[in-house]
Amino acid sequence: MSEKTAERVANATPVHIARKIKGLSDRTIAWIFVGPTIFLLLAINIFPLIWTVNLSFTNFKANRINRAIDYVGLRNYERILTDTDVWLSMQATAHFLFWTIFFQVLIGFTLAWLINKKFKGNDLWTTIIVLPMMLSPAVVGNFWTFLYQPQIGLFNYVVAFLTGRDASSFEMLGSVDLAPWSIVIVDTWMWTPFVMLICLAGLRSIPDYIYEAAEVDRASKLRQFFTITIPMVLPFLMLAVLFRGIENFKMFDLVVQLTGGGPGSTTELASIHLKREAFEKWRTGYSSALAIILFVTVFGLASIYVKALNKVKGK
Amino acid sequence: MRILKLATAGALALSAASFANTAQAEDLTLCWAAWDPANALVELSKEFEAESGHKMSFEFVPWPNFADRILNELNSGGKLCDLLIGDSQWIGGGAENGHYVKLNDFFDKENISMGDFADATVYAYSTWPKGTPNYYALPAMGDANGWFYRKDWFARDDIRKAFKEETGRELGEPKTQKELLEIAQFFQEREIDGQKVYGAAIFTERGSEGITMGVTGALYPWGFKYENTPGKYDMEGAVNSPEAVEALEFYKELYKTATPPGYTNSYMGESLDAFKSGQVAMAMNWFAFFPGLYADPNTGGDKIDFFVNPPQNTEGSTLGGQGISVVAYSDKQDAALEYIKWFAQPDVQAKWWGLGGYSAHNSVLNDPGFKDSAPFAGDFLLAMQNVKDFWQEPAYAELLLAMQKRLHDYIVADKGTAQEALDLLVEDWTEVFQDEGKL
């Protein structure tokens, strides 16, 4: 800001306010502005976090407020780390996370690459492709349960038509083998457009002159793709992976609507397991410890990933 | 002038009286599950509103969310509900956590005798600790898990003939659990009037209580016990007894060989849908739904009949139903108690049954005309003689969710054997009772 502008702004301050704040240092004024935000941040984020850490060392149950609270040391953490159900839910989460990101990046990038070509109806196709991510996850989960229904579901009929199998001979949501894939399919259907949009932004940010220079150097299309397109879109792709990774690690609504974590506990992701422990079994101390473990895991992985992302961007 | 004074005094007296009435009238909220009997209760309560001047509001929550929603409300000391018709298993937690008002003094004062209600319902819906004369609810809605079937299909000559050829016996209401399985398997994927039908709609739901309520319908007839010695929590050898293993294997066979495709997460609604859409020959569900099923224009009337959960080694039905309690956090406890006093009257209980609610009052149940008052009334009486309920401990939610998981893992997800599932269940329950300090 130039000196003149600063002077103009200072003169524009009403006299009665100017009188009141006269004598306050810049630092004090800064604190006055930032203070409420810091207070809210402490009240809404930091205090609950500290409280959760505290609860994680107790046997507290939120539905038994009359019961004495005992400190149990690291027992909750020990129980969680030796609980096979927790490990199974982590495995289910890892399966879901890996395959959704894999398919979303693959299909999303391909779609972006196709949409980036100039053709008639380009805008219309973009709008159509983007539609699924505008829907509510609860709605998506609900109508996919109908699509997967073995007797009347469209999905089963399409598969039956393509493979010649009987439509009611397989159950996408009820089979232990197919249920983990059924949630991957729905999440991919819903969120691939998001990855596509980010990739599209990346593709459109590549200046044409780089391709023109490559053409002059007689680089093949394949060479251009691997030496120009992929490296320049990579930071965008990595950002998309980060967003989808964090989102899918805490995935809850869509999967609850589709399978409720079943059959058995086949699709019981970490967040569903946590919800059951915290708000159905009311094991507040135990679930606080589980929440802390999940938080540290996500935070750690995200930090490593962001470092890698910055390295790629630096290159 | 004198007339004017009198008129003024009269007007003042009238307005004072009406003010007094207004001051006493309360707006009471009754919380319950959203299902057929709840609508009947709305109708019934209009009489209470007219008599008392209180206004009744209702908060009905769909069954799959009922426990979550209401227990959250109670745990947070919420004032949403003045009266609560809570599930029978909540009574332990309701009493020990101070959510429900103890009703003994009120019953004594108002001459309400628990002896006027069916013993099984008082035991299950009202008392904590179990069987002691400490009352936290008035039996409001008797219920048990029963069965209904397509009477018209069972009566068809071609079907009867085919059944006789296949099994060597006459087709009729099953007298044992194994007969039930045989009939269900007979109907499985059979073509009737050009449509493929299936054997039976049973409970397999994972999220709340569905599969446990269904499986206990098999466990109890096989003689299942929660403890070797009541009150000792000694579950080893009882919960995972050979009979319990056999019953669990039976339920899995019923699920695998005689239910419609995709029936992996089904409870009350799915059972009703499967039957009403003509998909299944038989279905299990709570007696509470039977009046509605009988009245259904497509599959009710002459096309439907009902039977009590068949015995195997012994008689046994899964208990449903609820008692009505006054919520301890309510500011309108006096008016709520007034409602309970009104509801306990024999003539109100008779109207309750007439509207489709299942009264637990002896004056209704012992009435000579009761058995013939509805096609399912006799079966209801029979079922209520042999009902058993799940744990009613304050830690019931943990106990229930553990059972939901172990059963669904074994039956639907094909994980392990029945013996392993029940052994793991004993481990889970032991851990819960250890945490509770009861073991």
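Before the first view, one term: two strands pair if DSSP finds at least two bridges between them. Keep in mind, too, that this is a predicted model.

**View 1. A five-stranded open sheet in chain B.** The strands of this sheet run in the order 2-1-3-11-4, and their pairing is mixed. Look at the two ends of that order: strand 2 (55-61) and strand 4 (138-141) of chain B are the edge strands, each with a single partner, so one side of each has no neighbour in the sheet. On average, neighbouring strands here are turned by 30 degrees against each other, if you ignore direction.

View 2. Strand 1 (residues 27-33) of chain B pairs with strand 2 of chain B in the parallel sense, over 7 bridges.

**View 3. Helix 14 of chain B and its buried face.** Helix 14 (residues 333-343) of chain B also packs on the sheet, making about 145 degrees with the direction of strand 11 (322-326) of chain B. Which residues of helix 14 of chain B are buried? They are B:A335, B:A336, B:Y339, B:I340 and B:F343. Seen down the helix axis, these buried residues fall within an arc of 150 degrees, so they line one face of helix 14 of chain B. They pack against strands 1, 3, 4 and 11 of chain B, plus helix 2 and helix 15 (346-355) of chain B.

**View 4. B:L83 in the largest nonpolar core.** This core has 135 residues, and B:L83, B:A200 and B:A283 touch the most other members. Helix 18 (residues 396-411) of chain B gives the most to it, with 10 residues. Leaving out residues up to four places away in sequence, B:L83 touches B:L28, B:L30, B:I324, B:V326, B:V327, B:A336 and B:Y339.

**View 5. Where the two domains of chain B touch.** Chain B is divided into domain 1 (26-143 + 320-388) and domain 2 (145-318 + 395-435). Across the boundary, 24 residues of domain 1 of chain B are in contact with 24 residues of domain 2 of chain B. On the domain 1 side, helix 17 of chain B gives the most, with 4 residues.

Note on methods
Residues are numbered from 1 along each chain as its sequence is written. Chains are lettered from A and ligands numbered from 1 in the order in which they are written. This is a predicted model: local features need pLDDT of at least 70, side-chain atom pairs count only at pLDDT 80 or more; totals for chains, interfaces and linings use all residues. Axes are lines fitted to C-alpha atoms, for helices over the stretch in contact, and angles run from 0 to 180 degrees between N-to-C directions. Two residues are in contact if their C-beta atoms, placed from the backbone, lie within 7 Å. A nonpolar core is a set of buried Ala, Val, Leu, Ile, Met, Phe, Trp, Tyr and Cys residues joined through C-beta atoms within 7 Å. A residue is buried if 20 or more other C-beta atoms lie within 10 Å of its own, exposed if 12 or fewer, and partly exposed in between; C-beta atoms are placed from the backbone. The arc is that of the directions from the helix axis to the C-beta atoms. Domain bounds come from an automatic or database domain assignment.
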